[in-house]
Amino acid sequence: MTTQSAAIPAFRPAAGAPALTASLAVTLIAAATIAGAWFFQLVLDILPCPLCLEQRYAYYLAIPLGALTALAARSGAPRPLLLAGLAILALAALANAGLGAYHSGVEWGLWKGPTDCTGPVVNLGSAGDLLSRLDTVKVVRCDEVQWRFLGLSLAGYNVLISLLMAAIAGWGLVRTASR
């Protein structure tokens, strides 16, 4: 008795299948997340603070790196190359989860945030320009939540999404290494 995958070679899974699956999933999740961030910023006018902008860097890395890793897996690239791509994706996502957790702690008042985005605004220029600057400057503070859903801010959702991406990349890493 033969299975369909043994009888038809085209149905046999490729050696890079976990790497392909994981890197594509991470790429799609990162692209959807950054598209959502731009939607909040450009359509809903919820402007990002400096910490929010820093949290986007991991997504800007994950989209092209995940796509390249998927292409490499699809092309039958050497296993060490696939492992390196997945490891970088996992580490970037974990670091981003840490940054999101830090930002969430700043929002909840658990610790102080960076001075460039928390606390009072102190320099508004000369007195003659004060009124015109107050009309044009919108200070986005890192310690004030602009939007919450189910008790979590966007920074909190970034932690969850980044942990999911790290878990998927880690799964692909382990499965690719064991083949």
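Does Asp45 count as buried, partly exposed or exposed, and what is its relative accessibility? The close-up views described below are taken from a predicted model, and the first of them returns to this residue.

**View 1. Asp45 in the loop between α2 and α3.** The loop that joins helices α2 and α3 contains Asp45. Asp45 counts as partly exposed because its relative accessibility is 48%. The backbone here has a positive phi, near 60°, in a residue other than glycine.

View 2. A disulfide requires the two sulfur atoms to be within 2.5 Å. The structure as a whole holds 0 disulfides. The surroundings of the two residues can be described separately. Cys49 has a relative accessibility of 2% and therefore counts as buried. Cys52, with a relative accessibility of 24%, counts as partly exposed.

**View 3. Helix α4 and its buried residues.** Helix α4 comprises residues 57-74, 18 residues in total. From its first C-alpha to its last the helix reaches 26 Å, close to the 26 Å expected at 1.5 Å a residue. Its buried residues are Ala58, Tyr59, Ala62, Leu65, Gly66, Thr69, Ala70, Ala72 and Ala73. In an α-helix there are 3.6 residues a turn, so residues three or four places apart point the same way. The elements against which the buried residues of α4 pack are α2 (17-42), α3 (50-55), α5 (79-107) and α7 (154-177).

**View 4. Gly76, following helix α4.** After α4 comes Gly76, and the phi of this glycine is positive, near 80°.

View 5. Seven side chains are shown here: Trp38, Phe39, Leu42, Val43, Leu44, Tyr57 and Tyr60 make a nonpolar surface patch of about 770 Å². Helices α2 and α4 are the elements that give two or more residues to this patch. The most is given by α2, with 3 residues.

**View 6. Tyr60, a patch residue in helix α4.** Tyr60 belongs to helix α4 and is one of the residues that make the nonpolar patch. Because its relative accessibility is 37%, Tyr60 counts as partly exposed. Tyr59, by contrast, is among the buried residues of α4.

How values were computed:
Residues numbered from 1 in each chain as written. Predicted model: local features only at pLDDT ≥ 70, side-chain atom pairs only at ≥ 80, totals over all residues. Heavy atoms only, no water. Helix = DSSP H or I, 4+ residues; strand = E, 2+ residues; numbered from the N terminus. Expected span 1.5 Å × (residues − 1). Buried < 20%, exposed > 50% of the residue type's maximum accessible area, 1.4 Å probe, protein only. Contact = heavy atoms within 4.5 Å. Patch = residues over 30% accessible without salt bridge, like charges linked within 9 Å, V, L, I, M, F, W, Y side chains within 5 Å. Areas by Shrake-Rupley, 256 points an atom, 1.4 Å probe, with all protein chains shown as cover. Salt bridge = Lys/Arg side-chain N within 4 Å of Asp/Glu carboxyl O.
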